[in-house]
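Hi,

Here is the structure I promised to pass on to you. Have a look at it first, and then read my notes below.

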Amino acid sequence: MKKIAMVFVLSLYATSALAKVNVVATLPFIGSLAKEIGGDRIDITVLIKSNQDPHFVEAKPSMILAVRKADILIYNGLDLEIGYLPVLIESSKNPAIQPGKAGNLDCSRYVAPIERLPSADRSMGDVHPLGNPHYIYSPKNIFRVAEGITEVLSAVDSVNAVFYMESFAAFKERFNKKQAEWGKGQLKEKKFIAYHNMFSYLSSEFGFQIKGYIEAKPGIPPSAGHIEGLIEAMKRERPDAIIITPDAGRKETEFLTQKTGVKTIILPRDVGSTPAAKDWFSLMDEILSLLQ
Amino acid sequence: MRITALLCLLFLLIPFSKSWGDDMEQRIQALENASNIQTETIEEQQKAIEELKKGSDTEKQKSAGVTGLFGSASLANPNISLIVDTFFYSSNHNDGELEARSIPGFTNAGIEKRNGFNLESAELFIYAPVDPYFNLYATIPVTEDGAEVEEAYFITTALPKGAQVKGGKFKSGFGRINSQHPHAWDFADAPLAYRGFTGEEGIIEKGVQLTYLPELPFYTQLGAEALQGDNNLLFGQDAKSGAHTFSAFAKASFDMGDYSTILFGPSVVVGKARNSSIADDREFAGDTTLYDLEFTYKWKPSKARSFTLQSEYLLRSQDGNLTDTVSSTADTLKRTQDGVYLQGIYQIGRCRVGARFDRMEVFRDDYRLSGADQDFGERPWRATGSVEYNLSEFSRIRVQYNHDRSGRDGVTNNEVLVQLIFGIGAHSAHPF
C-alpha cells in the first residue's frame, strides 16, 4: 500500500515537473520575449494579432478562456490594454493571474517610461498619463523587461529556474551584439513625420527627430486643416520620410507623399507583422534598416 | 448701536492722538522688520520645496513601476466614470397617447419617452478592487426623479480556478442584452421582447450568482442565480416572503478564424409571481418561467470594420389567477407567448449602421382566461434603422427610426430619436 502511494506521489511530482508553464501574452513581442527566455519549458498563447491595434481590442470569449488556463499573464501595461484586459482578468476566474499575484506580470514595471503626463485629460486625445506605452521599440527597456520575465518565470516555475537564467544569459549576449550592430546605423541626422506617437523611445535612443504627427492628437484622426498645416511644415522642414505602421494612416500618407514628394516607410508594428520580423530582434533589425 | 457709535468715535480720534512724524518712523521700521521676516520665510519655504522636489523625484522613479492595468492609483479613489445619455424624441403620437401605448396581452406599461428633449440619465459607474479577494462595482443612474442604486455588487477574484461568485444587486446573466448597460446597447431602446417580458430595464435583482468556466477546448460559461424576484412584470416583490426566483444559463463561444466569433446559449429564469403589470386593475398571482436562446456572430477584420449579427428568442409561460381588483372576481390565467429580435450592425470607421426587426408571438400566442383563448389583435412587430457616429471612444451620436406596430391596434407609432451619449472618467471596457 505504502509503495503504491509512493509511486503515486512520485508520478504526480514527475508530471508537475514535466508540465509546461502556461504563459499568456497580450502582444506578439511580449510572447516573443517570453519564448526567448522560456524556450521549450513554456507554452505560449498570444492574444493579439500582429496587425491589430492594441488600443481597440475587444475581450473575446476565446481570450477569456486562454487567460483562464494561464499560469502567467504577461502584458504591456501603461494603460495600453485598458480597454479589454481588466475584463479578461476578472472574467477568467483565474486567481493565479489577478493583480498582485506572481502570475500577473506587467512588463512596464521594468520600464522607465517617457512622456509621462500626470495632468492629462481626454481633450488631449488618447493620451497615456503613466507614460508612452510603446516601449516595444526601446532596446534599453526591452532588455530590462526580458530580465523581469526571467525573474517571474523562475519564481513561478522554480524547477526550471536555472534553465531560464541560462536563456537570459544567451539573450544578453545576443542583445549586446545586436546593440553594437544597431549603434552603427546612421539615423542621427534624420527627420521623420509619424502617424501616431509611437516612436518616441526609438527616436530618443537612436537620435533621430520626429517633426510632426499626422494624427491631430493621439487617437484622433486628422482634419483637413491639420493635414494642410502639416504639408506646409513638411515643405519647410524637408523630413526624410513619413513613418507609419500597416494598420493606420495609409490613405493620409499617400496624399501627403503626392503633395510633398516625401516618401513613406511602412514599419512592421510588432513581431509577425512582416515575414522577416520573426522575433523581437529581427523586428528591430527590420525597423532600423528600413529607416536608414 | 451704542458700540458702533463708540467705535466710530475712536477711529475719528486716532489721527489726533499722536504726532505724525513719530508715527511714520515707527511704521517704516515695522514694515522693514516685517519684510525681513517675510524674505526669511520665503527662503525657508523654497528650501523646503526643493527638498520636497528631490523627494518626489525619487518617488517618481519608484512609482514608474505602477501598473497601468486599472489606470492610475486607485487606492485613494475608486475608478469613477459618468455617462450622460440624453436624446431628442419625436413621434406621431402625443405624450398622452404614448403613455397609454402598452403591448396588450403582454404589459400595461406605456412608453415613457416624451416628445422633445429627454434626459435618460447621468449614470455614475464606480469600481475598484476591495482587497485581494473582491472587486466592487456600483452603478448609480441619476435621473430627474433622483438617484437610484441600479447595481451594487461584489465579484470574487480569489476562488479556485474557474469559479466566481457575484452578490448584491446586479443585472442577471440571463440572455444577452439583459446584462448590458443601456448606453452600451446597439440601439436607443430595448428589443420588444424585453419590453414585453421583463420590462425595458431587464432583470435587475438582488441576489447571488455563481458562475463556472470549465477548462474545455472552447469557451463555456455556466451560471446559476438565486434572486429576490422583484421584477414587476415577471415576478413581483410580494409574490412570496423571501427569495423566490432562480435562474440558470450557459454560454458557449468559438472563434472561426482570426476575425470571426460566435457566441450562443440558453437561459432560463423561474419564480413566483404577484404583480399588476399584465393589465390595468388586474392582479396576477402564480408561477412564471422565461426561456431565452441567444446567438451572436461578430466579424471584425480590423479596428475600422466590423459586422455583428445578434438575435434572441424568448418564451414566457405563466400559470395562475388573474383577479379583477375592482370587482374582486378571479379568472385562471394560462399564457405562453414568445418573441424574437434580429439585429445587424455594420461598422465602418467611426460610423455604425444598424437594422433591427422585432416580432412577438412568433410560434406561440396562447392567452387563456378561464380556458377561453383571448385575441388581442395583430401580432406586435417593429422595424428599426439607425446610424451612429462615434467621434471618439467617449462620445456617440445616434439617429434612430422605429416603425412600431406593437400597439396591436393597426396604428403605427413612427418614432425618431437623436441620441447623444458621453462618457468621462475611468476608461470603460470593450466587452464582446
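In chain A, the axes of helix α2 (residues 28-38) and helix α5 (residues 139-156) come within 10 Å and cross at roughly 60°. Axes here are lines fitted to C-alpha atoms, for helices over the stretch in contact, with angles from 0 to 180 degrees between N-to-C directions. Angles under 35 degrees count as roughly parallel, over 145 as roughly antiparallel, 65 to 115 as roughly perpendicular and the rest as oblique, so α2(A) and α5(A) are oblique to each other. α2(A) contributes Phe29(A), Leu33(A), Ala34(A), Ile37(A) and Gly38(A) to the contact (heavy atoms within 4.5 Å). The residues of this contact divide into 9 nonpolar (Ala, Val, Leu, Ile, Met, Phe, Trp, Tyr, Cys and Pro), 2 polar (the others, Gly among them) and no charged (Asp, Glu, Lys and Arg).

This is a predicted model: local features need pLDDT of at least 70 and side-chain atom pairs pLDDT 80 or more, while totals for chains, interfaces and linings use all residues. Residues are numbered from 1 along each chain as its sequence is written, chains are lettered from A and ligands numbered from 1 in the order written, and side-chain values use heavy atoms, without hydrogens and water.

Next, the pocket. The second largest pocket has a volume of about 1400 Å³. A pocket is an open set of points on a 1 Å grid over the protein atoms alone where a 1.4 Å probe fits, with protein on both sides within 12 Å along at least five of seven lines; lining residues have an atom within 4 Å of a point. Its lining divides into 12 nonpolar, 14 polar and 20 charged residues.

Enjoy exploring!

Note on methods:
Helices (H or I, at least four residues) and strands (E, at least two) are DSSP runs, numbered from the N terminus. Grid points are joined across faces, edges and corners, and a volume is the space filled by probe spheres set on the points.
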